[in-house]
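Visitor: Could you walk me through how to read helix packing and a ligand shell? I would like the general idea, then the case at hand.

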Amino acid sequence: MNYKFPADFWWGSAASGAQTEGIATGDGKGESIWDRWYSNDPSVFFNEVGPDQASRVYEMYKEDVKLMKEIGHNSYRTSIQWSRLIPEGRGKVNPDAVAFYNSYIDELIENDIEPFICLYHFDMPMAMQEIGGWESKEVVEAYLEFAKTCFELFGDRVKKWFTHNEPIVPVEGGYLYQFHYPLVVDMKRAVQVAYHETLASVKTIKAYHEAGYDGEIGIILNLTPSYPRNEEDPEDVKAAQLADGFFNRSFLEPAINGVFPADIVELITELDLLPDYTEEELDLIKANTIDLLGINYYQPRRIKKKESKSEYDSVMPDDYFDNYVWPERKMNPYRGWEIYEKGIYDCLINIRDNYGNIPCFISENGMGVEGEEKYINEEGRIDDDYRIEFVSDHLKYVHQAIQEGCNVKGYHMWTCMDNWSWTNAYKNRYGFIAVDLEDNRKRTIKKSGYWYKEVVANNGFDD
Ligand code: BG6
């Protein structure tokens with residue numbers, strides 16, 4: 001069968017500033033929560049490798065853009081590090097950062113690669129965390145000023161902006177399950193953080209639209225379709241709906257429909273967990289919705305009714321459902337995540353049917369592999385056939401969704417070149433391009449990179 005994609009499909013990959021740039025506090029960059037956490041406790045990070053050890057895009061971006069072009073990219077997402085551009089989070093702008101991002105953006109455009117820019121990818125400036133991070137309305141205002149500065153500096157050339165990458169992750173990581181700074185476990189504070197992320201997003205969307213830029217602004221959400229263990233069991237079905245509410249609809253609904261999901265509002269009201277909010281803010285949320293949705297899809301959630309008590313001494317979302325490990329399901333043996341290709345299709349159909357078929361694209365999807373060095377062939381190239389299979393299997397479902405009327409504009413794999421990833425550092429490799437940590441971050445295109453080049457050249461593939 002031939003899988004042909006629409007003309008002008010966005011082919012590319014995604015990354016983030018903090019995960020790629022390197023030299024963590026060099027050239028005027030301020031400290032982020034990751035820099036602080038690493039200097040406080042390097043043992044948390046895989047092999048004790050910190051954000052300063054990211055893949056050195058700050059120095060190597062010209063070479064990297066050539067490689068992106070070599071493997072067919074017509075678009076690429078990264079993020080502007082808030083703490084690089086405005087080292088203290090607000091106030092003085094770092095001229096070296098302006099020069100770097102200008103040159104990087106120009107280099108992409110000169111090579112016919114459209115830059116997609118995200119404004120927040122988990123990287124709170126430490127000075128902002130010290131005044132409360134996303135719990136604080138002052139930080140919401142500081143973020144808005146940072147976003148406006150980005151629009152003023154780069155908005156003449158960047159036409160696709162995103163306010164957040166996976167806003168649920170700082171909520172889960174920082175305020176529920178302790179895998180991001182500030183390592184808090186407190187559902188009430190988590191709800192406030194989630195609310196402020198949405199508030200920051202809508203204020204930014206309003207500012208972008210009001211300034212009349214020629215471009216689009218959206219948000220990137222990691223959608224994890226929630227499937228009940230047993231469709232016939234109403235309690236499993238209810239549990240799966242609640243999990244969907246917490247992890248997907250809590251950002252999807254306000255981003256697209258301008259309201260928070262009624263079932264989640266009802267539950268957090270009963271639990272006395274409502275955030276501080278004003279009617280005026282709710283009106284802003286209602287009036288300022290996104291132009292474009294980025295969907296990150298890696299794996300689904302398999303949900304069953306709650307059977308065991310949460311291990312935490314606090315109200316938690318998972319007091320209401322259990323994530324169910326389904327042993328007979330297909331797993332990524334290198335990362336322990338389920339591979340369920342149809343989930344990407346289900347996400348897209350959901351947007352078509354329940355969210356006005358808003359323009360969207362796959363903004364992340366990919367396969368993390370630990371120990372990938374063992375697949376290096378005699379010529380020094382990684383033969384990652386498993387990744388080719390993973391991406392093509394998902395693309396088939398994206399193709400099917402487009403055939404069925406979904407408004408899908410593109411596909412970005414995570415990621416272009418192997419990058420540093422939060423506490424996992426370089427444990428799981430995801431790139432089309434390998435980065436040799438032992439040899440000056442030398443880049444080598446993997447088999448999947450050459451495969452992708454062909455896919456883009458043909459605007460699809462045969463099977
Ligand atoms: C995505 C994030 O959810 O997962 C990325 O947006 C992250 O920032 C990626 O790198 C992979 O995560 P991990 O833990 O497998 O390296």
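**Helices in contact**

Guide: Tyr58, Tyr61, Lys62 and Val65 of helix 3 meet Phe100, Tyr104, Glu107 and Leu108 of helix 5. Contact here requires C-beta atoms, placed from the backbone, within 7 Å. Helices are DSSP runs (H or I, at least four residues), numbered from the N terminus. By class, this contact has six nonpolar, no polar and two charged residues. Ala, Val, Leu, Ile, Met, Phe, Trp, Tyr, Cys and Pro count as nonpolar, Asp, Glu, Lys and Arg as charged, and the others, Gly among them, as polar. This is a predicted model: local features need pLDDT of at least 70, side-chain atom pairs count only at pLDDT 80 or more, and totals for chains, interfaces and linings use all residues. Residues are numbered from 1 along each chain as its sequence is written.

Visitor: At what angle do helix 3 and helix 5 pack?

Guide: Axes are lines fitted to C-alpha atoms, for helices over the stretch in contact, and angles run from 0 to 180 degrees between N-to-C directions. Helix 3 (residues 57–70) and helix 5 (residues 95–110) pack at about 5°, with axes 10 Å apart. That makes helix 3 roughly parallel to helix 5 (angles under 35 degrees).

Visitor: Which residues of helix 14 and helix 15 meet?

Guide: Asp385, Arg387, Ile388 and Val391 in helix 14 meet Lys447, Ser448 and Trp451 in helix 15. Three nonpolar, one polar and three charged residues form this contact of helix 14 with helix 15.

Visitor: How do the residues around the ligand divide by class?

Guide: The shell has one nonpolar, nine polar and three charged residues.

Notes
Helices (H or I, at least four residues) and strands (E, at least two) are DSSP runs, numbered from the N terminus. Angles under 35 degrees count as roughly parallel, over 145 as roughly antiparallel, 65 to 115 as roughly perpendicular and the rest as oblique. Two residues are in contact if their C-beta atoms, placed from the backbone, lie within 7 Å.
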